Every structure is written in structure tokens, then in C-alpha cells.
Amino acid sequence: MFVTSLAKLRWNQSPTEIIRGANEAVQRLRSVYDAVSKSAASNNVSVETILTPVIEAETEYASVRAMFEFPQHVSPDKAARDASHDAAKTLSSFDVETSMRKDLFEAFSKLDEQITSRGPTLPSEHERFARPTFPVRVC
């Protein structure tokens, strides 16, 4: 599970905490994606092994991302604004890297095929997440 101390939103981080926190968020989400990829590579494909961990991790990531990006717009401290700007670039670069991962594409494709063959059995929350996520078809 992705829930960590990062889940506690704070708006008074030092520049060092902003950079460190953004890097930790990237590493944590990367480890979830790697686990999902490994699961798919070993044909352990299910909603519980592919979709649920990604939903939980991306929900957490979105919250902490805001915490690290927001200070660039409002902080009176130039060092914090600069660190937040650098963190935003790091996070954006990670998003681009993730969007190009073939292994994740294949993992979601396998799950999509499995769900298609069984019929629409996703809980509504999972389906709302999966609709734009699945690369091949719309749920």
C-alpha cells in the first residue's frame, strides 16, 4: 500500500524537504509500477494485482504532488519557490517517463483483455479510473 507519512499535507516545507519529498514520491510510485509490471510479466493479472495498487498509489501521488508543486506559486521564500519549481519539473518528467513505459501498457492491456473476456465486472470506482487508463479500448 502506498499510504505513507507523505499523506500528511504540509505547506511549510523547507526547500530541501520539497526536493526530497518529490523524489521520494517518484520512487514510491515507480516501485508500485514496477511491481505491477512484474505481476503482469508473471501472468498474475487481476484487478487486485494491477488496477487496485495503481489507483491507490496514484491517488496518494496526486495529493503529495500538489503539496510539492504549490509553493512555487505562493511561497514568500524564493528558495522554496525555486525548489518547488524544480520538484514540479521532476514530477512532470516522471509522468512523461511513466506514460512511455511499454511494460505498463502491456500490463493494462492484459487486464483489459481479461476484463473484456469476463464481461464488465469492475466496481464503478475502478471503471472510472480504468476508462482513460486502458490503452486499447474504452470500458
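**Helix H1 against helix H5**

H1 passes H5 in a left-handed crossing. Left-handed here means the near helix is turned anticlockwise from the far one by less than a right angle. This is a predicted model, where local features need pLDDT of at least 70 and side-chain atom pairs count only at pLDDT 80 or more, while totals for chains, interfaces and linings use all residues. Residues are numbered from 1 along each chain as its sequence is written, and side-chain values use heavy atoms, with hydrogens and water left out.

Now the geometry. H1 covers residues 15-41, H5 residues 102-118. Helices are DSSP runs (H or I, at least four residues), numbered from the N terminus. The two axes come within 9 Å and cross at roughly 55°. Axes are lines fitted to C-alpha atoms over the stretch in contact, with angles from 0 to 180 degrees between N-to-C directions. H1 and H5 are therefore oblique to each other. Oblique is what remains after under 35 degrees (roughly parallel), over 145 (roughly antiparallel) and 65 to 115 (roughly perpendicular).

Which residues meet? From H1, Tyr 33, Val 36, Ser 37, Ala 40 and Ala 41; from H5, Asp 103, Leu 104, Ala 107 and Lys 110. Contact means heavy atoms within 4.5 Å. The residues of this contact divide into six nonpolar, one polar and two charged.

Next, Thr 98, in helix H4 (residues 78-99). Thr 98 touches Tyr 33 and Leu 104, not counting residues up to four places away in sequence. Thr 98 is buried, at 12% relative accessible area; the cut-off is under 20%, with a 1.4 Å probe and protein chains only.

Back to H5. Its buried residues include Leu 104 and Ala 107.

Definitions and conventions. Helix = DSSP H or I, 4+ residues; strand = E, 2+ residues; numbered from the N terminus. Nonpolar A, V, L, I, M, F, W, Y, C, P; charged D, E, K, R; others polar. Buried < 20%, exposed > 50% of the residue type's maximum accessible area, 1.4 Å probe, protein only.
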